[in-house]
Amino acid sequence: MVDEVIKAMQTKMDKTIEALKKDFIGIRTGKANPLMVEDVKVDYYGTSTPLNQLGKIAAPEPRMLVITPFDKSALKDIEKGILASGLGLTPTNDGSNIRINIPELTGERRKELAKVVKSKAEDKKVAIRNIRRDANDELKKDPIKVSQDEQKAYQDKIQKLTDSYIAKIVELEKEKEKEITTL
């Protein structure tokens with residue numbers, strides 16, 4: 001029972017770390033990365049569809065993305081979806097592809113992005129702590145009686161695991177801030 005709780009906790013924490021990595025990919029750093037736009041929702045024949053299902057996304061140059069739609073009639077829809085995404089990107093439609101030039105980041109924009117990174121990292125730290133709390137609560141209501149010493153040992157194990165995941169988040173946060181500020 002206890003090992004199942006800890007395994008479930010680890011799985012949830014791993015998913016939280018993956019979600020943070022995905023969030024960080026969406027924060028642009030001045031370099032073109034196809035992952036920046038792959039989840040942009042496009043209204044395609046009345047259905048909200050991720051951009052990566054509508055075309056091939058490539059970064060032929062360090063500061064440019066090119067989207068080649070599978071269906072040329074979707075060009076206008078893709079363009080609208082990118083503009084509505086809130087990423088601050090301006091697509092250019094050349095009749096067969098969508099080109100997106102990634103603008104240079106200003107000092108002020110870098111500071112704003114660093115704040116966004118801190119905020120997203122803090123949200124994930126809170127999520128990790130909530131997972132820890134849930135795991136501890138689960139152990140306390142375990143119908144199998146465990147001694148207080150065993151209970152304490154499990155709580156220590158859960159806390160060490162939590163600390164290691166918080167450290168991962170801090171490391172990812174530092175890497176992303178460095179990436180933003182040193183370009």
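This is a predicted model: local features need pLDDT of at least 70, side-chain atom pairs count only at pLDDT 80 or more; totals for chains, interfaces and linings use all residues.
Author: Residues are numbered from 1 along each chain as its sequence is written, and side-chain values use heavy atoms, with hydrogens and water left out.

Reader: Why are α1 and α3 called roughly antiparallel?

Author: The axes of α1 (residues 2-25) and α3 (residues 107-140) come within 10 Å and cross at roughly 170°; angles run from 0 to 180 degrees between N-to-C directions, and those over 145 count as roughly antiparallel, so the pair is given that name.

Reader: What makes up the contact of α1 with α3, by class?

Author: Taking contact as heavy atoms within 4.5 Å, there are 14 nonpolar, one polar and six charged residues, among them Met9 and Phe24 of α1 and Ile128 and Arg132 of α3.

Reader: Why does alanine 114 count as buried?

Author: Buried means under 20% relative accessible area with a 1.4 Å probe, protein chains only, and alanine 114 has 16% relative accessibility, so the residue counts as buried. Alanine 114 lies in helix α3 and, leaving aside neighbours within four places in sequence, is in contact with Glu177 and Ile180.

Reader: How do you know that the span of α3 agrees with its 34 residues?

Author: The expected span is 1.5 Å times one less than the number of residues, which should give 50 Å for α3, and its end C-alpha atoms are 50 Å apart, so the two agree.

How values were computed
Helices (H or I, at least four residues) and strands (E, at least two) are DSSP runs, numbered from the N terminus. Angles under 35 degrees count as roughly parallel, over 145 as roughly antiparallel, 65 to 115 as roughly perpendicular and the rest as oblique. Ala, Val, Leu, Ile, Met, Phe, Trp, Tyr, Cys and Pro count as nonpolar, Asp, Glu, Lys and Arg as charged, and the others, Gly among them, as polar. Buried means under 20% relative accessible area, exposed over 50%, partly exposed in between (1.4 Å probe, protein chains only).
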